[in-house]
Amino acid sequence: MGWKGVLGFEYGIIQGPLGPDISGPELVAAVANAGGIGTLRAPDWESPDYLRGLIRKTRSLTDKPFGVGVVLAFPHKENIKAILDEKVAILLVSWGEYPNELVSEAHQAGVKVVHQVGSLEDAEKAMNAGVDAIIIQAKNAGGHVLGQDGLFTLLPRVVDLVAGHDIPIIAAGGIIDARGYVAALALGAQGICLGTRFTKYSNFSTFGFTPNQSVLLKFMW
Ligand SMILES: Cc1cc2nc3c(=O)[nH]c(=O)nc-3n(C[C@H](O)[C@H](O)[C@H](O)COP(=O)(O)O)c2cc1C
């Protein structure tokens with residue numbers, strides 16, 4: 001666990017979902033090929049066929065597992081059905097509650113559920129819902145920000161909350177390099193979720209990156 005990876009992945013680094021138009025198949029496949037957890041982002045509206053296309057394109061670029069992020073505040077039932085039908089490795093949900101019966105449904109489909117939350121209270125709900133991991137997002141995160149607290153105050157409380165529950169806690173918000181990763185581990189996290197740092201690599205075709213490029217190792221050192 002920790003530096004050595006979470007949820008069966010080689011590294012404990014998640015590339016967070018980056019809006020509906022940034023974390024596409026090329027970036028996600030590059031992260032997956034490098035041993036991290038790449039996540040596509042489902043559209044803000046029901047579009048299961050389009051989403052299936054994104055998933056299949058990603059699979060054409062990598063044979064490694066990856067995830068799809070769903071913002072629960074937007075219409076999502078059909079999109080999640082497509083994610084479960086396609087048996088994507090990870091369903092990453094945020095901005096809303098994801099109760100136990102839906103977590104169980106995902107588990108029955110063989111899909112792990114990771115909930116991104118911004119408070120101790122929401123972390124407790126996610127824990128009680130039986131999710132496989134919790135991303136705790138601090139207020140200095142980029143994009144869709146849930147947290148009102150800084151990582152140094154929020155993360156240790158969530159780590160203490162889940163003690164004994166075997167739920168990996170993943171830190172998000174303002175981590176940009178290996179020093180931030182080490183700091184998150186020191187505070188009790190078992191992995192990190194990065195967003196802003198990956199925006200540098202968001203348009204692979206424009207900047208000439210290939211899906212095999214080891215972006216994670218570039219990040220680490
Ligand atoms: C451009 C951008 C878009 C984002 N869009 C989403 C999103 O759609 N859903 C989500 O759960 N998180 C989203 N996030 C948040 C990330 O998942 C992650 O929590 C955050 O980027 C971590 O903080 P950092 O940006 O300091 O690395 C976004 C982040 C960025 C930078």
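How are H6 and H7 oriented to each other, roughly parallel or roughly perpendicular? In this predicted model, helix H6, spanning residues 120-129, packs against helix H7, spanning residues 151-161, at an angle of about 30°, and their axes lie 10 Å apart. Angles under 35 degrees count as roughly parallel; H6 and H7 are therefore roughly parallel to each other. Their crossing is right-handed. On the H6 side, the contact is made by Leu 120, Ala 123, Glu 124 and Met 127, and on the H7 side by Arg 157, Val 158 and Leu 161. Sorted by class, the contact of H6 with H7 comprises five nonpolar and two charged residues, with no polar residue.

The strands form a closed barrel of eight, in the order S1-S2-S3-S4-S5-S6-S7-S8, with parallel pairing. Within this sheet, neighbouring strands are turned against each other by 25° on average, direction ignored. One of the pairings joins S3 (67-71) to strand S4 (residues 90-94), in the parallel sense and over five bridges. Among the residues of this pairing, Gly 69 has Leu 92 in S4 as its bridge partner.

Helix H3 was examined in its packing with two further helices, H2 and H4. For helix H2 (residues 25-33) and helix H3 (residues 48-61), the axes come within 9 Å and cross at roughly 45°. H2 and H3 are therefore oblique to each other. The crossing of this pair is right-handed. The residues that make the contact are Pro 25, Glu 26, Val 28 and Ala 29 in H2, together with Leu 54, Lys 57, Thr 58 and Leu 61 in H3. By class, five of the residues in the contact of H2 with H3 are nonpolar, one is polar and two are charged.

The packing of H3 with helix H4 (residues 77-85) occurs at an angle of about 35°, with a distance of 9 Å between the axes. The crossing of H3 and H4 is likewise right-handed. Here Pro 48, Leu 51 and Arg 52 of H3 meet Glu 78, Asn 79, Lys 81 and Ala 82 of H4. The contact of H3 with H4 contains three nonpolar, one polar and three charged residues.

The surroundings of the ligand were then considered. The ligand is surrounded by 25 residues, of which Gly 16, Ala 141, Gly 142, Gly 143 and Gly 195 are the closest. By class, this shell holds nine nonpolar, 14 polar and two charged residues. At least two residues of the shell are supplied by each of helix H1 (19-22), strand S3 (67-71), strand S8 (191-194) and helix H9 (196-199). The largest share, three residues, comes from H9.

Methods: Residues numbered from 1 in each chain as written. Predicted model: local features only at pLDDT ≥ 70, side-chain atom pairs only at ≥ 80, totals over all residues. Axes fitted to C-alpha atoms, helices over the stretch in contact; angles between N-to-C directions. Helix = DSSP H or I, 4+ residues; strand = E, 2+ residues; numbered from the N terminus. Parallel < 35°, antiparallel > 145°, perpendicular 65-115°, else oblique. Left-handed = near helix turned anticlockwise from the far one by under 90°. Contact = placed C-beta atoms within 7 Å. Nonpolar A, V, L, I, M, F, W, Y, C, P; charged D, E, K, R; others polar. Near = placed C-beta within 6 Å. Pairing = 2+ DSSP bridges.
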